[in-house]
Amino acid sequence: MRLEYLPFDPDEHIDVLYQLLLRRRHNISHSKAPTEKEHSEFCLSHPYRHWYLIYNSTEPIGAFYITSENCIAINLVEDKKDFINQTLDFIFSNFNPLPEVPSVIPPNFYCNIHPLNEKYIEAVTERDAELIQWSYVFKNSS
């Protein structure tokens, strides 16, 4: 099944994106889901360079975004390697990394992956992606 990609439109998609966020199995940026109001405010702040919803036929199944630091994030309701690969193909065919800025923007796209998201890890490893770091959060530092 071929996926479809629709640019995120806050006027039409905030609720869809919120429902997808609530159904996600792997989260990196939050341990507790934001409220609808917090989510809406975040979306309206336009935090990403590119942001797309991912559809399987007419059903939204996830989203991806690309940051101004060349970071790719793919968030799917169900981790399917084929869907991850299709989405990576779409990204690599339609977008280019921004130019490198030493210590700020790497020269290539990269992604952060939850350590339990085995399908995502398999997909990027099969594409010769190289593990460059492990990140840890200090939960009691704020």
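**Notes on the sheet, its loops and a helix pair**

1. In β3, the bridge partner of His50 is Ile66. The model is a predicted one, in which local features need pLDDT of at least 70 and side-chain atom pairs count only at pLDDT 80 or more, while totals for chains, interfaces and linings use all residues. Residues are numbered from 1 along each chain as its sequence is written, and side-chain values use heavy atoms, with hydrogens and water left out.

2. The strand that holds His50, β2 (residues 50–56), pairs with β3 in the antiparallel sense over seven bridges; two strands are taken to pair if DSSP finds at least two bridges between them, and strands (E, at least two residues) and helices (H or I, at least four) are DSSP runs numbered from the N terminus. β2 and β3 make a hairpin with two residues between them, and Ser57 in the turn has a positive phi of about 65°.

3. The sheet as a whole is open and mixed in its pairing, with five strands in the order β1-β2-β3-β4-β5. β1 (3–7) and β5 (110–111) stand at the edges with a single partner strand each, so one side of each is left without a neighbour in the sheet. β3, by contrast, has six of its eight residues buried, so it is largely enclosed by the rest of the structure; buried means under 20% relative accessible area, exposed over 50% and partly exposed in between, with a 1.4 Å probe and protein chains only.

4. Strand β4 (residues 71–76) and β5 run parallel and are joined by two bridges, with Ile72 opposite Cys111 in β5.

5. The hairpin of β3 and β4 has four residues between the strands, and Asn70 takes a positive phi near 70° there. Asn70 lies in the loop between β3 (59–66) and β4 and is buried, with a relative accessible area of 0%. Not counting residues up to four places away in sequence, Asn70 touches Arg49, Pro97, Leu98, Ile105, Pro106, Pro107, Asn108, Phe109 and Tyr110, contact meaning heavy atoms within 4.5 Å.

6. Glu69 is also found in the loop between β3 and β4, but it counts as partly exposed at 36% relative accessibility. Leaving aside neighbours within four places in sequence, Glu69 is in contact with Val104, Ile105, Pro106 and Tyr110. The C-alpha atoms of Glu69 and Tyr48 are separated by 9.5 Å, the two residues being 21 residues apart along the chain.

7. Thr87 belongs to helix α3 (residues 81–94) and counts as buried at 0% relative accessibility. Beyond its neighbours within four places in sequence, Thr87 is in contact with Leu3, Tyr5, Ile54, Phe64 and Ile74.

8. Helix α3 also packs with helix α4 (residues 118–126), at an angle of about 50° and with the axes 9 Å apart. The contact is made by Lys81, Ile84, Asn85 and Leu88 of α3 and by Lys119, Tyr120, Glu122, Ala123, Val124 and Glu126 of α4.

Key. Axes are lines fitted to C-alpha atoms, for helices over the stretch in contact, and angles run from 0 to 180 degrees between N-to-C directions.
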